[in-house]
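I opened my notebook to look up charged pairs and ring contacts. Here are my entries, in the order I made them.

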Amino acid sequence: MILAAGPAFAPLKWNMGKNNMAGYKARLLFVPEEAAITVPTVPDPEKATDNTELITAAGSFTFAEGGSIKQPIYLYSTDGEVEYKAEPQGEADGISFKQTLGFFFPGNTPGMHAFNAMAKNTRGYYIFEDPEGNQMILGQPGLTGSLSPSFNGGKARADRRGTTYTVTADSNYSAIFLATPIDMEVIGGNKPAPAPQE
């Protein structure tokens, strides 16, 4: 008997001594939906060749020539404030996930308030990264993320001041990983881009 290739139930095993640090790195990327011509996307479940491919977004972002956005937009977050979870939603035979991504930007700057004004009604895609360097994407074509910014200027001098961001999206998956990681440090201007190879 020949089994068809594709996703299949497999044992969930845990290797003794494996690292399991929670949380995410203090940086994210944002791509407005209308800025992207192509988006890293998961395959149709019937076309996935194995379990890994089922939840892996292949491809890359490309942007319109002449547009104001040429690459993902770098977003700083206070360390320890990036949080991701995927809660089940729906009926017993129609369960999907409500993906939620949270992060925090400190301060009371015009740039932050301008971003809040522009991003609040702009659907899009968000990239974030776990301690092992696995990059994940929230949002897929037709199921993009929606951002809600909430600013708090504090009351006491020792209070935290800044904007808390919450992004939500519906998905069939509890997580979607990027096949090809994006160098966030280069996009954020924290290190130079590699020299082109000849």
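Before I start, one term: I count a charge as sitting over a ring if NZ of Lys or CZ of Arg is within 6 Å of the ring centre and within 35 degrees of the ring normal. I also note that the model is predicted.

**Entry 1: a charge over a ring**
I looked up Arg160 and found its charged end over the ring of Phe104, 3.7 Å from the ring centre. Arg160 is partly exposed, at a relative accessible area of 44%.

**Entry 2: the other contact of Arg160**
Which side chain meets that of Arg160 in a salt bridge? I found Glu81, with 3.2 Å from N to O. This pair links distant parts of the chain, 79 residues apart: Glu81 is in the loop between strands S5 (73-76) and S6 (83-89), and Arg160 in the loop between strands S10 (146-152) and S11 (162-171). Glu81 counts as partly exposed at 30% relative accessibility.

How many salt bridges does the structure hold? I get six. One of them joins the side chains of Arg27 and Glu185 at 2.3 Å, N to O. Arg27 belongs to strand S1 (residues 27-32) and Glu185 to helix H3 (residues 184-187), 158 residues apart. Is Arg27 buried or exposed? Its relative accessibility is 15%, and buried means under 20%, so Arg27 counts as buried. Glu185 is partly exposed at 23%.

I then turned to Asp170 and Lys98, whose side chains meet in a salt bridge at 2.9 Å, N to O. The pair links strand S11, which holds Asp170, with strand S7 (residues 96-106), which holds Lys98, across 72 residues. Both residues are partly exposed, Asp170 at 32% and Lys98 at 29%. I also noted a network: Lys25, Arg27, Glu129 and Glu185 are joined by salt bridges that share partners.

**Entry 3: aromatic rings**
My count of aromatic pairs comes to nine. In one of them, the ring centres of Phe30 and Phe115 are 6.1 Å apart and the planes stand at 90°, so I log the pair as edge-to-face. Phe30 lies in strand S1 and Phe115 in helix H2 (residues 110-119), so this pair ties together parts 85 residues apart in sequence. Phe30 and Phe115 are both buried.

Phe115 also pairs with Tyr165: the centres are 5.9 Å apart and the planes at 75°, so this pair is edge-to-face too. Tyr165 sits in strand S11, 50 residues from Phe115 in sequence, and is buried.

Note on methods
Residues are numbered from 1 along each chain as its sequence is written. This is a predicted model: local features need pLDDT of at least 70, side-chain atom pairs count only at pLDDT 80 or more; totals for chains, interfaces and linings use all residues. Side-chain values use heavy atoms; hydrogens and water are left out. A salt bridge is a side-chain nitrogen of Lys or Arg within 4 Å of a carboxyl oxygen of Asp or Glu. Helices (H or I, at least four residues) and strands (E, at least two) are DSSP runs, numbered from the N terminus. Buried means under 20% relative accessible area, exposed over 50%, partly exposed in between (1.4 Å probe, protein chains only). Rings of Phe, Tyr and Trp (its six-membered ring) pair if their centres lie within 6.5 Å; planes under 30 degrees apart count as stacked, over 60 as edge-to-face and the rest as tilted.
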